[in-house]
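This report describes surface patches and aromatic contacts. The sequence and structure come before the text.

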Amino acid sequence: MAAKKDLSFEEALEKLELSAEYLKSDQVSLEDALKSFEQGIEYYNKCDAILNNAKQKIEFYSKQ
């Protein structure tokens, strides 16, 4: 989990997209699909946190 905290937005987004593509493949077991889904949620949350941080900075500087 610590490694995921250090990801850039682009890296997290790429990994999220890879998780989604993996879930779409035909040869995925239920167990592997759940692991990929959980990882995808973590990457989604990382992207969301980065975007929210950027939004707050933009709003802060827009008010000055």
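Glu10, Glu11, Glu14 and Glu17 form a negative surface patch. Patches consist of residues with over 30% relative accessible area and no salt bridge, where like charges are joined within 9 Å and nonpolar side chains (Val, Leu, Ile, Met, Phe, Trp, Tyr) within 5 Å. A salt bridge is a side-chain nitrogen of Lys or Arg within 4 Å of a carboxyl oxygen of Asp or Glu.

The model is predicted: local features need pLDDT of at least 70 and side-chain atom pairs count only at pLDDT 80 or more, while totals for chains, interfaces and linings use all residues. Residues are numbered from 1 along each chain as its sequence is written, and side-chain values use heavy atoms, with hydrogens and water left out.

Leu23, Phe37 and Ile41 make up a nonpolar surface patch, with about 260 Å² of accessible area together. Accessible areas come from the Shrake-Rupley method with a 1.4 Å probe.

By the ring rule (centres within 6.5 Å; planes under 30 degrees apart stacked, over 60 edge-to-face, the rest tilted), the count is one aromatic pair. Phe60 and Tyr61 form this edge-to-face pair, at 5.1 Å centre to centre and 80 degrees between the planes.

The table uses these classes: buried under 20% relative accessible area, exposed over 50%, partly exposed in between.

| Residue | Relative accessible area | Class |
|---|---|---|
| Glu17 | 47% | partly exposed |
| Ile41 | 37% | partly exposed |
| Phe60 | 48% | partly exposed |
| Tyr61 | 55% | exposed |

Key: Rings of Phe, Tyr and Trp (its six-membered ring) pair if their centres lie within 6.5 Å; planes under 30 degrees apart count as stacked, over 60 as edge-to-face and the rest as tilted. Buried means under 20% relative accessible area, exposed over 50%, partly exposed in between (1.4 Å probe, protein chains only). Lys and Arg count as positive and Asp and Glu as negative; His and the chain ends are not counted. The place of a charge is taken as NZ of Lys, CZ of Arg, CG of Asp or CD of Glu.
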